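Good morning, and thank you for coming. Please take a moment with the sequence and the structure, and then I shall go through the model with you.

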Amino acid sequence: MSLDWVITILTDNWPMFLRGAGMTLWISVVGTLIGAAIGLIIGIIHTIPMPERGMKKITLKIINGLLSAYIEFFRGTPMIVQAMVIFYGSAMAFGFDMDVFTAAIFIVSINTGAYMAEIVRGGIISVDKGQFEAAQAIGMNHFQTMINVVLPQVIRNILPATGNQFVINIKDTAVLSVIGVTELFFQTRTVSGNNFRYFESFFIACILYFIMTYTITLLLRRLERKMEGPSNYSMIGGLPMQVVNPEDPSHKIKE
Amino acid sequence: MEKVIEIQHLSKSFGTHEVLKDIDFSVQKGEVVCVIGSSGSGKSTLLRCINLLEKPSGGKIIYNGEDILGDRHDIHAYRTKLGMVFQQFNLFNNHNVLNNCVVGQVKVMKRRKEEAEKVAIKYLNVVGMDQYVNAKAQQLSGGQKQRVAIARALSMEPDVMLFDEPTSALDPEMVGEVLKVMKDLAKSGLTMLIVTHEMEFAKEVADRVVFMDKGVIVEEGPPEQIFNQPQKERTREFLKRTLR
């Protein structure tokens, strides 16, 4: 019976499943974080106002062009193929053997970065133009405006989309088994290769994947609510609309 | 009287549409100037050109004797000297009331946080919003938002305050509280340049009123002259329509 087999497989192989799930989670957490950072940095660079002339304009145009090429290329090719190209290509082209784990983090990061760049771009567009103008009007430069005013709002706006990307990453790390990353799918295949119970083994993997993605979803919802902040505020001091004060410049005139 | 801002032959076009045509204009230290005119006359664009939110197409802007459109001029440092109040308030949504007034001082002027907070509270007090330091922008009414926005601009201790139709987006009952704050500021000797539709307010607080129409300054002078004995036909027509 299937259920008996599920229990047997679990009791015999739980360390392997757990290690696989741990690896999957680790790669997707680190990959998503680095990817999000890449996306934010590209977002800042993409929105730098274009200088009218000179070397700066040319440099910025070249950088923007390269970044666009990166985004389009990694969004336009399957991650499983990228994994093969990068892992075997790095050994062939540069003669250095990337260890599998580093390769896995690298692939997930740059892939996520390409998607996140677009998500961040959408997030920046959605911030009201008045926020940029107000920041500029008090003398902030582009970088200060981004760090102190715009990006905190962008991060809040893109949190749902980032969570989506996170969930996709947990599932898509399965393709990294092609380069021998010992994540959950790879471990499950090893287990099922030994016992020939494919349905039961992959059923366990299925449940484990779902537990991970659903936990992440719940955690991110909680984070979203937390970032909303309290809906109340407390007043300081006595009566409202008390305008006169010894240091008040308008008061000096009245004297 | 020394000129704080002097504008020479300023022009601004959006594509083929010429919004400002050869504007010559200046603001003296301590002066309160109100710019009036119908919608689309270019008065907001003039204000936005002065602090370079719009890049002028031609002409010069001279601030304390320096041409700020020159190649080497630091426009960020220049902007800290001009306080800007927007029609739509534009409070920073990710900061509470206090931080709205502090962030510019700390990040741009490199003031210490404690010092910046003291300054912020002083000016929040001036606008009567010092009790709301913990509130977020979304939790305030329009009039309160605008008063915080004024405090934010004042916290940078600018030489000139620019107001871009500060009461146009407010409910009628909230206009009064903002105008009261602005009247107090005008009396304190602050240099102010105000684009407004509030004629009564302009009549009361302005040292000089500038009437703009179709991208040119038609007439300027003391409020008594502009409102009681306008010299130009276009000014008379505009006032007849708005004052009635």
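Which residues line the largest cavity? From chain A they are A134(A), A137(A) and I138(A), and from chain B they are G83(B), M84(B), F86(B), R152(B) and A153(B). The elements that supply two or more residues to this lining are α5 of chain A, and β6 (82-85) and α5 (142-155) of chain B. By class, the lining of the largest cavity consists of 6 nonpolar residues, 1 polar and 1 charged.

I turn next to the largest pocket. Its space amounts to about 1,600 Å³. The lining of the largest pocket comprises 37 residues. Nearest the centre of the pocket lie P49(A), M50(A), P51(A), K55(B) and I75(B). Two or more lining residues come from each of α2 (55-75), α4 (100-125), α5 (129-137) and α6 (142-172) of chain A, and from α2 (75-80) of chain B. Which element gives the largest share of the lining of the largest pocket? That is α5(A), with 4 residues. When the lining of the largest pocket is divided by class, 16 residues are nonpolar, 9 are polar and 12 are charged.

Let us now consider the sheets of chain B, beginning with the one that contains β6. This open sheet has 6 strands, in the order β6-β7-β8-β3-β9-β10 (chain B), and its pairing is mixed. Strands β6 and β10 of chain B are at the edges with a single partner strand each, so one side of each has no neighbour in the sheet. On average, and with direction ignored, neighbouring strands of this sheet are turned by 15° against each other.

Within this sheet, strand β3 (residues 32-36) of chain B and β9(B) run parallel and are joined by 4 bridges. Here V33(B) has R208(B) in β9(B) as its bridge partner. Helix α6 (residues 172-187) of chain B packs on the sheet and touches β3, β7 (160-164) and β8 (191-195) of chain B. The direction of α6(B) makes about 145° with that of β8(B).

Strand β9 (residues 208-213) of chain B also pairs with strand β10 (residues 216-221) of chain B, in the antiparallel sense and over 5 bridges. F211(B) is found opposite E219(B) in β10(B). β9(B) and β10(B) form a hairpin with 2 residues between them. In the turn, K214(B) has a positive phi of about 50°.

Chain B has another open sheet, made of 4 strands in the order β2-β1-β4-β5 (chain B), with antiparallel pairing. For I7(B), the bridge partner in β2(B) is F25(B). Helix α1 (residues 43-50) of chain B lies across β1, β2 and β4 (58-63) of chain B. This helix runs at about 120° to β1(B).

I close with the confidence of the prediction. The model scores ipTM 0.91 and pTM 0.84. Chain B has a mean pLDDT of 92, and 99% of its residues score at least 70. Chain A has a mean pLDDT of 87, with 92% of its residues at 70 or more.

Where in chain A is confidence lowest, and where is it highest? Confidence in chain A is lowest in helix α9 (residues 249-254), at a mean of 40, and highest in α5(A), at 95. Over residues 239-255 of chain A, pLDDT stays under 50. For those residues the model has 30 contacts beyond four places in sequence. Where pLDDT is low, predicted coordinates should not be read in detail.

Terms used
Residues numbered from 1 in each chain as written. Chains lettered and ligands numbered in written order. Predicted model: local features only at pLDDT ≥ 70, side-chain atom pairs only at ≥ 80, totals over all residues. Heavy atoms only, no water. Pairing = 2+ DSSP bridges. Contact = heavy atoms within 4.5 Å. Axes fitted to C-alpha atoms, helices over the stretch in contact; angles between N-to-C directions. 1 Å grid on protein atoms, 1.4 Å probe; cavity = no way out; pocket = protein on both sides within 12 Å on 5 of 7 lines; lining within 4 Å. Points joined across faces, edges and corners; volume = space filled by probe spheres on them. Nonpolar A, V, L, I, M, F, W, Y, C, P; charged D, E, K, R; others polar. pLDDT = per-residue confidence, 0-100.
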